[in-house]
Each structure stands twice: as structure tokens, then as C-alpha cells.
Amino acid sequence: MSLLYLIRIPMSFPQLGRWAALRNYGFTVRRGLKGMENDAGFDEGRALHHLLSETFGKGILHPFRHFVAPGGMHAEVYAYSPIDAVRLREAAQTYALPETLEIIDPAKLAAKAMPEVWRTGRRLGFEIRVRPVSRIHSLLHSAGVAFAKGAEVDVFLVEALRRFPASENADANMLKAGRTREAVYADWLAERMEGAATPQPGIRLTRFQRLRAARGGSSPEGPDAILQGDLIVNDPERFQAVLAQGVGRHKAYGFGMLLLRPPRSA
């Protein structure tokens with residue numbers, strides 16, 4: 001297996017915002033009356049995508065996840081990379097613009113090598129931030145809700161509309177059927193593991209919100225969820241690939257990084 005490193009970079013969050021504002025990176029818009037556009041927020045993942053790509057190279061720190069300290073002054077970025085700390089610092093020294101070094105300090109970059117071999121059957125705890133959406137391949141229309149072909153839709157809503165097409169209260173019906181948002185997202189995660197590992201019963205949805213993302217000229221709204229639980233490694237090589245590539249859509253923008261934790265039970 002190819003060696004994989006877990007990277008940590010401390011970051012100034014206010015400086016990231018100022019840097020992104022000058023370049024119009026990561027600012028979302030929504031349609032107002034008569035086609036007017038209004039600011040809807042700041043997509044930190046999109047801004048970080050540009051910052052990391054311009055500093056270290058496209059896809060070098062991928063997937064990644066950021067954590068912002070209370071007060072929003074400091075943040076930590078974690079990422080997987082095939083590149084060690086020495087070569088990452090060399091890349092930053094070569095490519096980073098001077099203002100970039102006010103956001104991140106390559107000298108404080110830290111790295112550790114991940115295990116080279118995973119044992120089949122090993123149980124691991126995990127946490128992952130995901131955007132659990134499905135791309136619609138045909139018109140989905142139900143109870144006054146319509147989604148065009150090609151739209152990305154929350155997988156919980158997709159299942160609700162398909163199970164209860166005539167209902168105006170699909171969420172309540174889903175709960176009666178025993179299909180909570182937590183259960184739907186856990187099934188979605190298991191499918192995207194593609195046999196590399198099996199999430200175990202008891203997956204918890206520890207945070208859920210709906211946010212707009214800055215994607216080109218549009219700002220689609222979608223779910224932003226954090227799942228925690230245990231998994232069993234089925235295929236060591238494929239599991240290593242899942243760590244390196246991430247899970248689900250929007251992996252280049254701060255989603256899909258599988259952070260490992262001690263399991264809840266042996």
C-alpha cells in the first residue's frame with residue numbers, strides 16, 4: 001500500500017476570510033426578488049480548497065476537514081496526503097504568496113504516518129463530516145415539491161418523497177416508518193464504503209444543519225452532517241483508498257474525511 005500521512009495545519013480564521021474576500025472565493029449568493037442576488041454566507045470549505053491548492057498543489061491535501069475554535073479566531077485544518085511534512089513545507093516555500101503566510105505558517109505544519117497495513121476484521125471508531133446528497137436522474141415531483149433532473153437532493157428527502165409521494169408531511173411519515181434521518185444517512189454511508197469497511201449498528205448523527213455551498217455561479221443548499229460510530233475493515237487496500245480519497249460528494253471542499261477514533265467496544 002502507498003504511505004499516507006495525516007497532516008495538521010493551524011490557521012488564522014479571520015485572515016482566511018479577508019484573503020477570500022479579496023478574491024471572491026467561497027461567498028454564496030441566493031436569488032432575491034426580481035432576480036436580484038443577496039449574500040447568503042461564507043463557504044469556508046470552498047475558500048480552503050483554493051488556499052490549499054494554491055499553496056501545496058491541487059489535490060495534495062485531500063480530503064480535509066477544518067475545526068474552528070470558539071470565537072472564530074483560530075482554526076485547525078486536518079488532511080490526508082501522500083506527501084510528508086518536509087516536502088509540503090518545500091512546496092509552500094516555493095508557491096505560497098506572501099499574504100498566504102499570514103493565514104498558515106508552514107513551519108507549524110505537523111504530520112504523522114498512518115498505518116501502512118490494515119488488518120481485515122479490525123474494528124475502528126470514526127467521525128466524518130458529510131454532505132449526504134443524491135443526484136436526481138429524472139424529474140422528482142411530489143406534493144408540490146419538484147426537483148429537476150441533475151439536481152442534488154438530500155438523500156433523506158429523496159427517500160421520503162419516493163416512499164410517500166402523495167404526502168405533504170413526509171418527514172412525519174418517515175418517522176412512523178422507523179426511517180430516521182440518522183438511519184438514512186447511516187445506510188448512505190455504508191453504500192459509499194463500497195465494501196471497504198462495514199459501519200456497525202449504532203451510528204450517531206451528532207450534528208445536522210443545512211448550508212449553502214459556493215459552487216461556480218450557484219449556491220445550492222444541502223445537508224451538512226457529522227456521523228460518529230464504529231466500522232469493521234473488510235478490504236485493507238480498499239479501506240486505505242477510502243481514507244485517501246474520502247467519502248461522498250464535495251470531498252474537495254471539506255467533506256468526506258474519515259477521522260479515526262478508538263472504537264466504542266473491542
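The largest pocket holds about 360 Å³ of space. The model is predicted, so local features need pLDDT of at least 70 and side-chain atom pairs count only at pLDDT 80 or more, while totals for chains, interfaces and linings use all residues. Residues are numbered from 1 along each chain as its sequence is written, and side-chain values use heavy atoms, with hydrogens and water left out.

**Largest pocket**

- A pocket is an open set of points on a 1 Å grid over the protein atoms alone, where a 1.4 Å probe fits and protein lies on both sides within 12 Å along at least five of seven lines; lining residues have an atom within 4 Å of a point.
- Grid points are joined across faces, edges and corners, and the volume is the space filled by probe spheres set on the points.
- The lining of the largest pocket has 23 residues, and Glu44, His66, Arg129, Leu211 and Asp224 lie nearest the centre.
- Two or more lining residues come from each of β3 (37–42), α2 (44–56), β4 (64–68), β13 (204–212) and β14 (221–233).
- Helices (H or I, at least four residues) and strands (E, at least two) are DSSP runs, numbered from the N terminus.
- By class, nine lining residues are nonpolar, five polar and nine charged.
- Ala, Val, Leu, Ile, Met, Phe, Trp, Tyr, Cys and Pro count as nonpolar; Asp, Glu, Lys and Arg count as charged; the others, Gly among them, count as polar.

**Open sheet**

- Four strands form an open sheet in the order β4-β5-β1-β6, with antiparallel pairing; two strands pair if DSSP finds at least two bridges between them.
- Because β4 and β6 (110–113) stand at the edges with a single partner strand each, one side of each has no neighbour in the sheet.
- From one strand to the next, the twist averages 15°.
- Eight bridges join β1 (residues 5–12) to β5 (residues 74–81) in the antiparallel sense, and isoleucine 9 stands opposite valine 77 in β5.
- Helix α1 (residues 13–23) packs on the sheet and touches β1, β4 and β5, its direction making about 80° with that of β1.
- Contact means heavy atoms within 4.5 Å.

**Helix pairs**

- Axes are lines fitted to C-alpha atoms, for helices over the stretch in contact, and angles run from 0 to 180 degrees between N-to-C directions.
- Angles under 35 degrees count as roughly parallel, over 145 as roughly antiparallel, 65 to 115 as roughly perpendicular and the rest as oblique.
- The axes of α1 and α2 cross at roughly 85° and come within 10 Å, so the two helices are roughly perpendicular.
- In this contact, α1 supplies Phe13, Leu16, Trp19 and Ala20, and α2 supplies Glu44, Ala47, Leu48, His50, Leu51 and Glu54; seven of these residues are nonpolar, one is polar and two are charged.
- Helix α2 packs with α3 (residues 85–95) at about 90°, the axes being 7 Å apart, which makes α2 and α3 roughly perpendicular.
- Glu54, Thr55 and Phe56 of α2 meet Leu88, Ala91, Ala92 and Tyr95 of α3, a contact of five nonpolar, one polar and one charged residue.
- Helices α4 (residues 155–163) and α6 (residues 181–193) have axes 9 Å apart at an angle of about 110°, and are therefore roughly perpendicular.
- Here Val155, Phe156 and Glu159 in α4 meet Arg181, Val184, Tyr185 and Trp188 in α6; five are nonpolar, none polar and two charged.

**Backbone details**

- The peptide bond between histidine 62 and proline 63 is cis, with omega of about -5°, and proline 63 is in the loop between α2 and β4.
- Glutamate 194, although not a glycine, has a positive phi of about 50°; glutamate 194 is in the loop between α6 and β12 (197–199).
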